[in-house]
Amino acid sequence: VMQCSASLDVLFLLDGSYSIGKGSFERSKDFAGKLCDALDIHPDRVRVGMIQFSSTPHLEFPLDSYLTKQEVKERIKRTLFRGGSTEIGRALKYILRKGFPGGRNSSVPEVLIVISDGNSQGSTAVPAMQVKERHITVFAVGIKFPRWEELHVLASEPPEQHLLFAGDADDAANGLYSALTGSVCTTTAPGCKVESHPCERRTLETVKELAGNYVCWKGSKQPNAVQASLCPFIRWKRVLLKYPSRCFRTVCPDPCDSQPCQNGGTCVSEGLDRYHCLCLVGYGGDFHCAAKLSLECSVDLLFLLDSSAGVTLEGFLRYKAFLKRFLQAVVGQDSPMNVGVAQYDDDVRIPIELGQHKDTRSLMKNVDALNFSGGRTLTGRALQYIAEHGFRSTPVFADMQDYLPRVVVLLTDSKSQDSVAEAPQYVKDQNLFLIGVGSSFMRAELTKVTGTPQQTIVYSDPQDLFNRIPELQRRICSVDNAEGCQAQSLDLAFAVDASSGVGPENFLHLRHFVRSSCLHFTINRDVTQIALVIYGRKAHTAFALATHTSNSALLQAIDQVPFLGDSASAGSALQHIYDDVMTVQKGARPGVNKVVVLLTNGGGLQDAAGPAQQLRHNGILVFVVVVGDTERDTLLRVAGSPSYLVHISSYKDLQYYHNFIIERICEEAKSPVNLCKPNPCMNQGVCILGPGSYRCECHGWEGPHCESRILRGDSPRSPILPPHSHGQWSPRGLQHFSRAFWHTKRY
């Protein structure tokens with residue numbers, strides 16, 4: 001925003017003396033480079049030169065040497081520290097005698113920027129006055145701990161606008177721009193204005209301090225005699241001095257001032273009129289963090305909160321916050337569900353009856369009113385009570401029973417003090433669907449309570465609990481869809497880390513995970529095709545999408561996949577999938593959703609972000625399943641979003657996650673498909689999208705997907721379509737494409 005664009009000659013006068021030192025000299029260079037960002041450097045606009053001074057001035061580069069901002073900044077970086085005494089006056093006299101080297105002879109305004117600590121060995125008052133009499137605007141910039149009174153003499157009037165401090169480069173660049181605005185530079189951006197505000201100039205000075213008196217011996221007028229006396233003891237110390245002043249800075253309206261981000265989102269400004277919102281989990285349905293999730297299912301939903309001493313007051317408040325966040329994100333004004341809340345310790349209470357509150361606001365108010373009780377943790381007894389009494393809601397019509405699925409969500413972080421072995425039977429007898437939510441050390445008990453790990457949600461730390469909101473939403477709505485996607489059309493590729501970092505024993509866990517996941521799909525050319533890639537330093541296709549057409553053949557092939565034991569490169573695996581797996585030549589079907597699942601221990605991900613983004617850009621979804629500790633930022637760059645990242649603590653825990661991952665894959669497989677992504681046309685053919693169909697525009701090739709080379713002298717033809725036409729395919733019949741394509745090749 002701040003960039004002075006005018007015909008202007010700017011000369012830096014850089015202090016390279018020993019009083020500055022090499023460290024501060026490097027900071028001065030960095031500061032000068034940042035000041036260049038506020039200047040529109042161009043042969044016809046702002047030109048920049050530099051003189052370094054110490055005992056004598058030295059021209060580093062004249063104003064006509066470097067005419068782009070990048071060149072000037074690179075040359076400033078290469079400037080070497082010279083050392084010597086601080087002769088500011090001599091440097092000013094050099095400018096009076098030589099002028100601005102390479103400048104435009106005062107035909108344009110001249111600006112001198114002196115960067116120094118102000119500890120000059122000679123007088124600067126007279127040469128400074130003579131420089132300013134030549135209508136040269138002088139900015140004095142203090143470095144290190146400057147002597148402000150000397151810099152005050154150097155600066156143009158008013159000194160408040162022409163004195164800057166290099167310690168805060170952004171503030172000083174603003175000050176430079178603000179002082180030049182209106183006189184030399186063009187006016188400020190719309191909505192921005194120059195304002196003054198109180199500020200301080202700080203420095204360190206060495207002062208004398210009387211520390212006390214001590215006994216000393218002094219001579220006397222009498223020969224051979226001395227006398228005792230008190231002598232002052234003085235020490236030197238450095239003190240921080242502050243000088244009150246005023247600063248002039250350009251202030252622009254912040255687009256985040258209006259607080260545009262909803263539901264706790266954080267606004268991040270991007271210039272004067274742009275911003276983006278960082279949304280909490282469960283939000284991001286639009287640019288301003290509207291609720292992203294919604295329960296696209298009709299259920300009776302009862303939350304059962306552990307309020308015992310074992311969960312502690314802090315844990316109870318955390319569950320209340322989680323419950324509020326979930327309800328705000330998921331439950332809308334027209335939500336097709338009834339919600340209730342119960343809490344337990346020795347006893348069970350239902351402070352919010354099922355369906356008691358129809359609007360979110362009153363529901364939130366009553367959740368806020370829940371109080372911690374702190375008794376014993378009797379989870380088994382609580383579940384029995386809820387199974388018998390929790391869903392006694394009045395039917396909407398007297399002659400009609402309420403047949404909505406009934407879901408109980410148990411939130412606990414404390415081991416039960418009574419038996420929970422009968423809990424699954426209580427739930428089953430009342431035809432309830434129970435989901436257990438707790439920290440990772442509660443996994444075994446929650447699995448026992450729910451009867452299956454597929455209905456257990458665990459979190460690794462308090463913040464991770466809130467990241468589980470989307471998973472809970474999916475679990476609730478999977479009540480009537482436990483099988484997932486048995487009949488979903490899908491091209492699915494697994495990329496499995498077979499490197500030495502994983503090891504042969506853990507590789508068997510990964511292989512078993514792939515095998516268990518494949519049991520959820522119907523394998524044939526019309527429904528689901530699965531490919532498997534293993535990788536170490538290089539990637540290898542164990543089998544392609546079109547290789548196996550039955551579940552038995554696929555499972556047998558998975559059992560024979562070998563361990564590699566090399567270094568890991570996930571990037572090469574993802575690039576291999578893009579180039580050699582998800583292609584029409586290798587059996588990928590246009591019009592069918594495509595998903596890649598990367599199984600890794602977190603090693604070798606440095607080169608994976610680019611290929612992963614390339615896959616996503618071409619309509620191929622990438623899930624990252626990582627086992628063990630890995631830097632989250634690296635994982636997010638590969639996954640693209642926390643929604644597509646699954647973090648598992650150990651290889652043994654993989655068995656608890658394949659159902660969840662399959663649910664996510666099946667959910668994504670329902671999304672619309674771009675028929676031209678990835679490009680189904682071979683040999684550089686161009687895919688052209690039509691209404692419900694696509695066609696391939698071929699160059700030197702022919703056929704529906706540009707698969708046949710045109711021999712010299714031949715005219716374009718196709719065995720399927722009339723001459724001189726393009727192959728056009730519609731979604732109808734695309735599921736049979738793979739079989740038809742291979743038959744055509746054999747023919």
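**Entry 1: a word to settle before looking.** I call a residue buried when its relative accessible area is under 20%, exposed when it is over 50%, and partly exposed in between. With that in hand I looked up T312, which has 39% relative accessibility and therefore counts as partly exposed. I also noted that this is a predicted model.

Entry 2: Where does T312 sit? I found T312 in helix 8, which covers residues 312-330. Its phi is positive, about 70 degrees, although T312 is not a glycine. Is Q684 buried or exposed? At 71% relative accessibility, Q684 counts as exposed. I located Q684 in the loop between helix 20 and strand 23.

**Entry 3: the whole protein.** I then stepped back and read off the overall numbers. The protein has 21 helices and 27 strands. It has 747 residues, and 49% of them count as buried. Its accessible surface comes to about 35500 Å², with 50% of that belonging to carbon and sulfur atoms. I also checked the contacts with a separation of 6 or more: residues 24 or more positions apart account for 71% of them.

Entry 4: In what order do the strands lie? The order is 3-2-1-4-5-6, and the pairing is mixed. Strand 3 (57-61) and strand 6 (163-165) stand at the edges with a single partner strand each, so one side of each has no neighbour in the sheet. From one strand to the next, the twist averages 25 degrees.

**Entry 5: strand 2 and its partners.** I followed strand 2, residues 46-53, which pairs with strand 3 in the antiparallel sense over 4 bridges. A hairpin of 3 residues joins strand 2 to strand 3. Within this pair I found Q52 opposite H58, and I51 has L59 as its bridge partner. With strand 1, strand 2 pairs in the parallel sense, over 8 bridges. There, D15 stands opposite F53.

How many residues of strand 2 are buried? The count is 8 of 8. I remembered that in a regular strand the side chains alternate between the two faces of the sheet. On one side of strand 2 I listed V46, V48, M50 and Q52, and on the other R47, G49, I51 and F53, all of them buried.

**Entry 6: strand 4.** Then I moved to strand 4, residues 110-116. All 7 of its 7 residues are buried, so strand 4 is largely enclosed by the rest of the structure. E110, L112, V114 and S116 point one way, while V111, I113 and I115 point the other way.

Entry 7: Together, strand 1, helix 1 and strand 2 make a right-handed β-α-β unit. I found another right-handed β-α-β unit in strand 4, helix 4 (residues 125-133) and strand 5. Helix 2, residues 69-77, lies across strand 2 and strand 3, at about 140 degrees to strand 3.

**Entry 8: cis peptide bonds.** I looked at the bond from E157 to P158 and found it cis, with omega near -10 degrees. P158 is in the loop between helix 5 (148-154) and helix 6 (159-162). The bond from K677 to P678 is cis too, with omega near -10 degrees. P678 has its place in the loop between helix 20 (658-668) and strand 23 (686-690).

**Entry 9: an annotation.** Finally I checked the UniProt record, an unreviewed entry, whose annotation "domain: EGF-like" covers residues 253-290 and 672-707. For residues 672-707, I noted 0% helix and 33% strand, with the end C-alpha atoms 27 Å apart.

Note on methods. Residues numbered from 1 in each chain as written. Predicted model: local features only at pLDDT ≥ 70, side-chain atom pairs only at ≥ 80, totals over all residues. Heavy atoms only, no water. Helix = DSSP H or I, 4+ residues; strand = E, 2+ residues; numbered from the N terminus. Buried < 20%, exposed > 50% of the residue type's maximum accessible area, 1.4 Å probe, protein only. Contact = heavy atoms within 4.5 Å. Areas by Shrake-Rupley, 256 points an atom, 1.4 Å probe, with all protein chains shown as cover. Pairing = 2+ DSSP bridges. Axes fitted to C-alpha atoms, helices over the stretch in contact; angles between N-to-C directions. UniProt positions renumbered as here; feature names shortened; annotations may be inferred. Right-handed = clockwise from strand over helix to strand, strands pointing away.
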